[in-house]
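Thanks for coming, everyone. Please look at the structure on the screen, and I will walk you through a few places in it.

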Amino acid sequence: MEKITSIDQNLFIKFAEKYGTPLYIYDADLIVKRYKELYKYITWPKLKILYAMKANYNIGILHLLKSSKAYLDTVSPAEVHLALKLGFSKDDILYTANNITGEEMREIKKTGVLFNIDSLSRLQKYAAAYPGSEICIRFNPDVYAGAHKHVKTGGEITKFGILLSDVNSVKEITNKYNIKVVGLHEHTGSGIGETDKVYESMTNLLKIANQEDFPHLRFIDFGGGFKIPYKPTSARIDYAGFGENISSIFSDFCKRYGRDLYMYFEPGKYIVAESGYLLIEVNTIKNNRGRLIAGTNSGFNHLIRPLLYSSYHQIENISNPNGELKIYDVCGNICETGDCFAEQRELPEIREGDKLIIKNAGAYCYSMGSIYNLRSMPSELLIAGGKEFLITKRLSNEELAESIISSANEVITF
Ligand SMILES: Cc1ncc(COP(=O)(O)O)c(C=O)c1O
C-alpha cells in the first residue's frame, strides 16, 4: 500500500471509490498533535489532559491516544468499560456522573475508577454507601458560556454540578462520612470563544478550594470547552497566551493553597474535531423555484450538529472544486425537514454524482449518530502513520435489517 503523505482531494476521491460513501475519515497525526500541543501551551508542570471520549469513541482513536499516554474523561458505565477493555488504567480515568442510578454507581465503584459527583443527592447516597472513600466533586462555576445554549453548562438553568453556594452542604456530608475530596471539578461549556469566561470559571471554583475545607485535594479539573475554528473566517484562539494565563491563575492558587496540585482539563472537540471528514455523495439536484437543493446519501443521523446546535461545518465539492459558484441547501436522505447540513451555502456547482466533504467532523458527529430511518452508520477510516485502517465497517442494508431481528430478545409472530 502506498504511504499517505497528505490528505488531499485526490485521496478523498480514491477513498470514495475504494470504501464507498458515506465515509468518516480521521487524521491520526493531527489528533496526536492536538493532544500533545496542549502540554506545550499550558506550562503548569503538574498537568493532565483527559480526553473526553464522548466526542469520539472510535477504538482506533482511543488506542492512538492511549499510545500517547492520554487520560480519559468518561460519562457512562459503558464508556468506562470500553476504556478499561482497551487497556486504559483505572487510575487514568475519571467518571463524571450525571443523573446516575444506584445500580450504575455500584457498577462503576467495582471498577475502581474515581467518581466525579455532581449533585448533593448523589453525594449523600455515595457517601453513605462508601464511607471513608475518595471522590471528586463537580461544581457549577456560575458562568454562562459556550457555542450554543445546549452546550452551556454553567449558571442556574443547567442540570449540571452542585452550586458553589452549596459548598457547606457538601462539607457536611463529606465530614459526616469521612469522605476524602481529592478533586474539584467544573465544566463551563463547549466551544468557548471568550477566554475571559474560562478565567472567570477557574477563579470562581478556586475561591472555594481552600486547605481548611478541602485538605486532601490532589487536583482541580476545569473541564473541556476549548474552541476550534469551524468557519474558514474564524480565527484560532491564541492558545499559547491562553495557556500561560491559565497556568498563572493556577500557580497563584497553589501558592495560596500551600501545595502544588495537578491541573486537569478535559477537552474533546479540541483534540478530535479538526481531524475528521465526512465524505458523502450527491445523488439528486432539485431546483425549487430557483432554490437549489443538493440531496446526498447521508443525513442528520450521521452528523447532527447543524440540526442540533445550528453548527456551521465547512463543505467542499471535491469533484468540481473550480465550478461556477452557486447557492445550495445541502441536505440528507432522512425523512425530516430539518435534515440539512447547510442552508443557502455558496459552493462550486454541484452535479449529481459529485463527492462532498464535510470538514471538522471528528467530534460529536459519529458519536452522536444513529440508524434513524434504518440507515446504517458510515464506515470509519483512520489514517495513521501514512496507512489506512478501516476501523468500523458500514453495515449493508440487509445486514442492518438482520441486526434488528437478531438483537430482538423475543421473537413473536401473530
Ligand atoms: C463534563 C465534560 N467534560 C468535558 C467535555 C468536553 O467538552 P469539549 O468537547 O467542548 O472540549 C464535556 C462536553 O460535553 C463535558 O460535559
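This is a predicted model: local features need pLDDT of at least 70, side-chain atom pairs count only at pLDDT 80 or more; totals for chains, interfaces and linings use all residues.

Let's begin with Ser310. Where does Ser310 sit? You will find Ser310 in the loop between α11 and β13, which covers residues 315-317. Its backbone deserves a look too. Ser310 is not a glycine, yet its phi is positive, about 50°. Here is the background. Most residues other than glycine have a negative phi.

Now go to Tyr364. Tyr364 also has a positive phi, about 55°, and is not a glycine. Its place is in the loop between β16, residues 355-358, and β17. Is Tyr364 buried or exposed? Tyr364 is buried, because 25 other C-beta atoms lie within 10 Å. The cut-off for buried is 20 or more.

One more backbone point. Which residues does the cis peptide bond join? It joins Thr21 and Pro22, with omega about -5°. Pro22 belongs to the loop between α1, residues 9-19, and β1, residues 23-27. For background, most peptide bonds are trans.

Next, a helix. Please find α9, residues 239-257. How far apart are its end C-alpha atoms? They are 26 Å apart. At 1.5 Å a residue, the 19 residues of α9 should span 27 Å, so the two values agree.

Now look around that helix. Gly243, Ile246 and Phe250 of α9 are buried. They cover an arc of only 65° around the axis, so they are on the same side of α9. An α-helix has 3.6 residues a turn, so residues three or four places apart point the same way.

What covers the buried residues of α9? The cover includes α2 (28-41), α8 (195-208) and β10 (262-265). Turn to the other side of α9. Exposed there are Ala240, Gly241, Asp252, Lys255 and Arg256. After α9 comes Gly258, with a positive phi near 100°.

Let's stay with α2 for a moment. Lys36 lies in that helix. Lys36 counts as partly exposed because it has 14 C-beta neighbours inside 10 Å. Now compare sequence with space. Lys36 and Ala70 are 34 residues apart in sequence. From C-alpha to C-alpha, Lys36 and Ala70 are 9.1 Å apart.

Time to zoom out. How is the chain divided? Domain 1 is 9-22 plus 273-406, and domain 2 is 29-267. Taken over C-alpha atoms, the centres of domain 1 and domain 2 are separated by 33 Å. Where the domains meet, 22 residues of domain 1 are in contact with 19 residues of domain 2. On the domain 1 side, the elements giving two or more residues are α11 (305-309), β17 (379-384) and β18 (387-392). By class, that side of domain 1 has 11 nonpolar, 9 polar and 2 charged residues.

Terms used:
Residues are numbered from 1 along each chain as its sequence is written. Helices (H or I, at least four residues) and strands (E, at least two) are DSSP runs, numbered from the N terminus. The expected span of a helix is 1.5 Å times one less than its number of residues. A residue is buried if 20 or more other C-beta atoms lie within 10 Å of its own, exposed if 12 or fewer, and partly exposed in between; C-beta atoms are placed from the backbone. The arc is that of the directions from the helix axis to the C-beta atoms. Two residues are in contact if their C-beta atoms, placed from the backbone, lie within 7 Å. Domain bounds come from an automatic or database domain assignment. Ala, Val, Leu, Ile, Met, Phe, Trp, Tyr, Cys and Pro count as nonpolar, Asp, Glu, Lys and Arg as charged, and the others, Gly among them, as polar.
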